[in-house]
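Please keep the sequence and the structure in view while reading.

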Amino acid sequence: FGGKKVFVDGLPEDGQPEFLRFIDDNEDILPMLHKIDHELVELPPSLVQAVRAFLVARTIRNLRGQRKKHASMLVNASRFTGVQGRLRNRLHEVLNAIHNALRVNGALEEAGLGDPEIAALKEVWDCEYSHTEFDWPTVQAAMLDAVAAAKVVEVNNSKNDLDYTADGQTVIAVGCFSLSRGLTLEGLTVTWFLRNTKMYDTLMQMG
């Protein structure tokens, strides 16, 4: 489906939009307007939350028999390739922390919720996916397999690490113009988008 369903039909008069979650925690960490040498020592909590939502969604798709289908997440937050590289590094750290938590404690069933990373994943499931056909113990038991296959890549004028040649890729793609001007991310599931523009045609491309 297209932009109308996301940006128009999915906006209720009150309450939370069906498809959109608004970013309001970035300015102290990654301001909308930042310089080319902006340091990034941590990620906005909403971006970490978006990564968790993506990984839970990937797990649910695997449980639905879509293991061989691609799943992608888009992170478009800076036009500077250096900042994009730092974003990729921080995202890789987040992914590693989640993977390690699941590897050590993911099979412990309810006791695994004592791990803060697994508890945070369940919180995302409670908020976004509890209406789906799989309960949390089923999702938790299947998450290690889904997360182990995930990777973070850069897509810009310096490098393009996207590769969908093998079945069932799970990709978090970090980039800018290449991602907002028509490049297709297969199985796009979650987007964390921080860019703005005053140009209507660019706004349409980004949307």
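## Strand pairing

Two strands are taken to pair if DSSP finds at least two bridges between them. In this predicted model, strand S1 (residues 71-76) and S3 run parallel and are joined by six bridges, with Ala71 having Thr170 as its bridge partner in S3. Strand S2 (residues 150-155) is likewise parallel to S3 and joined to it by six bridges, and here Lys151 has Val171 as its bridge partner in S3.

Six of the six residues of strand S3 (residues 170-175) are buried, so the strand is largely enclosed by the rest of the structure. Thr170, Ile172 and Val174 point one way from S3, whereas Val171, Ala173 and Gly175 point the other way, and all are buried.

## The aromatic pair

The count of aromatic pairs comes to one. Its members are Trp125 and Trp136, whose ring centres are 6.1 Å apart; the pair is tilted because the planes stand at 50°, between the limits of 30 degrees for stacked and 60 for edge-to-face. The pair links distant parts of the chain, with Trp125 in helix H4 (residues 116-129) and Trp136 in helix H5 (residues 136-148), eleven residues apart.

Trp125 counts as buried at 9% relative accessibility, and Trp136 is buried with a relative accessible area of 5%.

## A buried loop residue

Asn26 lies in the loop between helix H1 (3-9) and helix H2 (45-63), and Asn26 is buried, because its relative accessible area is 5%, where under 20% counts as buried. Leaving aside residues up to four places away in sequence, Asn26 touches Pro31, Met32, Pro44 and Leu194.

Note on methods
Residues are numbered from 1 along each chain as its sequence is written. This is a predicted model: local features need pLDDT of at least 70, side-chain atom pairs count only at pLDDT 80 or more; totals for chains, interfaces and linings use all residues. Side-chain values use heavy atoms; hydrogens and water are left out. Helices (H or I, at least four residues) and strands (E, at least two) are DSSP runs, numbered from the N terminus. Buried means under 20% relative accessible area, exposed over 50%, partly exposed in between (1.4 Å probe, protein chains only). Contact means heavy atoms within 4.5 Å. Rings of Phe, Tyr and Trp (its six-membered ring) pair if their centres lie within 6.5 Å; planes under 30 degrees apart count as stacked, over 60 as edge-to-face and the rest as tilted.
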